[in-house]
Amino acid sequence: MHALGRHIIAELYGCDKEVLNNRELIEKIMVESALKAGAEVREVAFHKFSPQGVSGVVVISESHLTIHTWPELGYAAVDVFTCGERVDPWQACNYITEMLKASHMTTTEIKRGLFEQPVKVANL
């Protein structure tokens with residue numbers, strides 16, 4: 001089976017609570033992680049909640065990266081979904097984990113768009 005994309009769902013625990021509550025820093029980390037993975041960033045949207053927490057998305061040509069943080073718990077939920085062979089979602093996921101100073105990470109990788117034969121998709 002051939003997949004159109006790879007989707008990593010990451011649970012990050014023991015993260016730096018100050019970083020998790022800093023919208024500007026979270027946005028910077030997420031954009032940098034996309035670029036380090038070789039993705040092409042298209043749009044960015046992040047929101048700071050009151051009293052705490054950040055949610056955001058980085059739309060890339062190859063799909064997207066998202067994050068939702070719970071600073072009070074030192075926890076972040078991260079999704080990295082990339083299509084094609086050029087971008088490595090693990091590079092982005094590992095960079096995010098490092099920058100959030102997570103003490104523990106659990107992940108699940110899902111193959112998206114399974115086909116019996118390779119499929120050529122434009123712009124990937």
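1. A quick definition before anything else: two residues are in contact here when heavy atoms of theirs lie within 4.5 Å. Bear in mind too that this is a predicted model.

2. Start with Ser63. Leaving aside neighbours within four places in sequence, Ser63 is in contact with Val58, Phe81, Thr82 and Cys83. Ser63 sits in strand S4, which covers residues 63-70. The residue counts as buried because its relative accessibility is 18%, and the cut-off for buried is under 20%.

3. On the record side, an unreviewed UniProt entry carries the annotation "modified residue: Pyruvic acid (Ser)" for Ser63. Please keep in mind that such annotations may be inferred rather than shown by experiment.

4. Next, Thr69, which also lies in strand S4. Buried or exposed? Thr69 has 7% relative accessibility, so it counts as buried. A polar atom of the Thr69 side chain lies 2.8 Å from the backbone oxygen of Leu20. Leu20 also turns up among the residues that Thr69 touches, along with Ile26, Gly53, Val54, Tyr75 and Ala76, not counting residues up to four places away in sequence.

5. Now the helices. H2 (residues 23-36) packs against H3 (residues 89-99) at an angle of about 145°, and their axes are 8 Å apart. The crossing of H2 and H3 is right-handed.

6. Which residues meet where H2 and H3 pack? From H2 come Ile29, Met30, Glu32, Ser33 and Lys36, and from H3 come Gln91, Ala92, Tyr95, Ile96 and Met99. Sorted by type, the residues of this contact are six nonpolar, two polar and two charged.

Conventions
Residues are numbered from 1 along each chain as its sequence is written. This is a predicted model: local features need pLDDT of at least 70, side-chain atom pairs count only at pLDDT 80 or more; totals for chains, interfaces and linings use all residues. Side-chain values use heavy atoms; hydrogens and water are left out. Helices (H or I, at least four residues) and strands (E, at least two) are DSSP runs, numbered from the N terminus. Buried means under 20% relative accessible area, exposed over 50%, partly exposed in between (1.4 Å probe, protein chains only). A polar contact is a pair of N or O atoms within 3.5 Å; within protein, one must be able to donate a hydrogen and the other to accept it, and residues adjacent in sequence count only if both atoms are side-chain atoms. Axes are lines fitted to C-alpha atoms, for helices over the stretch in contact, and angles run from 0 to 180 degrees between N-to-C directions. A crossing is left-handed if the near helix is turned anticlockwise from the far one by less than a right angle, and right-handed if clockwise. Ala, Val, Leu, Ile, Met, Phe, Trp, Tyr, Cys and Pro count as nonpolar, Asp, Glu, Lys and Arg as charged, and the others, Gly among them, as polar.
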